[in-house]
Amino acid sequence: NGFKYVIKTMNTTTGDYTVSVSQNYYATKGAAALVIAPTVDITVQGEDVNGDDVNGIYTFKIVEIEEDAFANLTKIVSAQIGENVAKIGASAFDGCTNMATINFDANNNDVDIDANAFEGTKFAVLDLTTLSKMTAVKQWFGAYVAETATNEFLTTVKFPGSLTSIVANAFAGCTKLKDVEFPANTLAKL
């Protein structure tokens, strides 16, 4: 599928097999619609964490998009994030200047989004409502790097009811932001 994976865990005793999507290997594919599936089948030969021999095809959960994984890939216009992704690393989509849409799988309850993960993208609407266990927005969606920098695309943000905190200046420089939606019970927690 064009991705480079890094094995995070492989334990044949517990059946715990996880990987992350790693550095810019996708650039050679040039696809506009990026899809991070819930799992991937990988052929493995060697030993697992217990020293047990492994030889065959194993199904790994894709749990992370690593730092800078898709940075500056301007051909990406959208991303679908699979249900097992629990972390999006710093600057993962930084500089994806044509990326206008991101969707999180309805079965994905929470994603830890690191700083600058979406810096320089063209989201008009950021809908985080499917992330029903997300408690904090701890990354900047605005253009905070310089006082004169702006994000002229983001107009609407929708938060899940589980939200309890938002980092200071999370949306600084978002000059077109006009709609911020919180479920009724959320504001009492913030």
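Five of the six residues of strand E2 (residues 16–21) are buried, so E2 is largely enclosed by the rest of the structure. That is a handy place to start with this predicted model.

**The chain as a whole**
- Read along the sequence, the pattern is β-β-β-β-β-β-β-β-β-β-β-β-β-β.
- The protein chain counts 190 residues, and 42% of them are buried.

**Strand E2 and its partners**
- On one hand there is strand E1 (residues 5–11), which runs antiparallel to E2 and is joined to it by six bridges.
- Within this pairing, Val19 of E2 stands opposite Ile7.
- E1 and E2 form a hairpin, with four residues between the two strands.
- In the turn of that hairpin, Gly15 has a positive phi of about 75°.
- On the other hand there is strand E5 (residues 53–65), which pairs with E2 in the parallel sense over four bridges.
- Here Ser20 has Glu64 in E5 as its bridge partner.

- Phe3 lies in the segment before E1 and Phe70 in the loop between E5 and strand E6 (78–81), so to speak a link between distant parts of the chain, 67 residues apart.
- Both Phe3 and Phe70 are buried.
- Phe159 and Phe182 form a stacked aromatic pair, with 4.9 Å centre to centre and 20° between the planes.
- This pair also links distant parts of the chain, 23 residues apart: Phe159 sits in the loop between strand E12 (156–158) and strand E13 (165–166), and Phe182 in the segment after strand E14 (179–181).
- Phe159 counts as buried because its relative accessibility is 2%, whereas Phe182 is partly exposed, with a relative accessible area of 27%.

**An aromatic cluster**
- Phe3 and Phe70 come up again here: together with Tyr5, Phe93, Phe118 and Phe123 they form one aromatic cluster.

Definitions and conventions:
Residues numbered from 1 in each chain as written. Predicted model: local features only at pLDDT ≥ 70, side-chain atom pairs only at ≥ 80, totals over all residues. Heavy atoms only, no water. Buried < 20%, exposed > 50% of the residue type's maximum accessible area, 1.4 Å probe, protein only. Pairing = 2+ DSSP bridges. Phe/Tyr/Trp six-rings, centres within 6.5 Å; stacked < 30°, edge-to-face > 60°.
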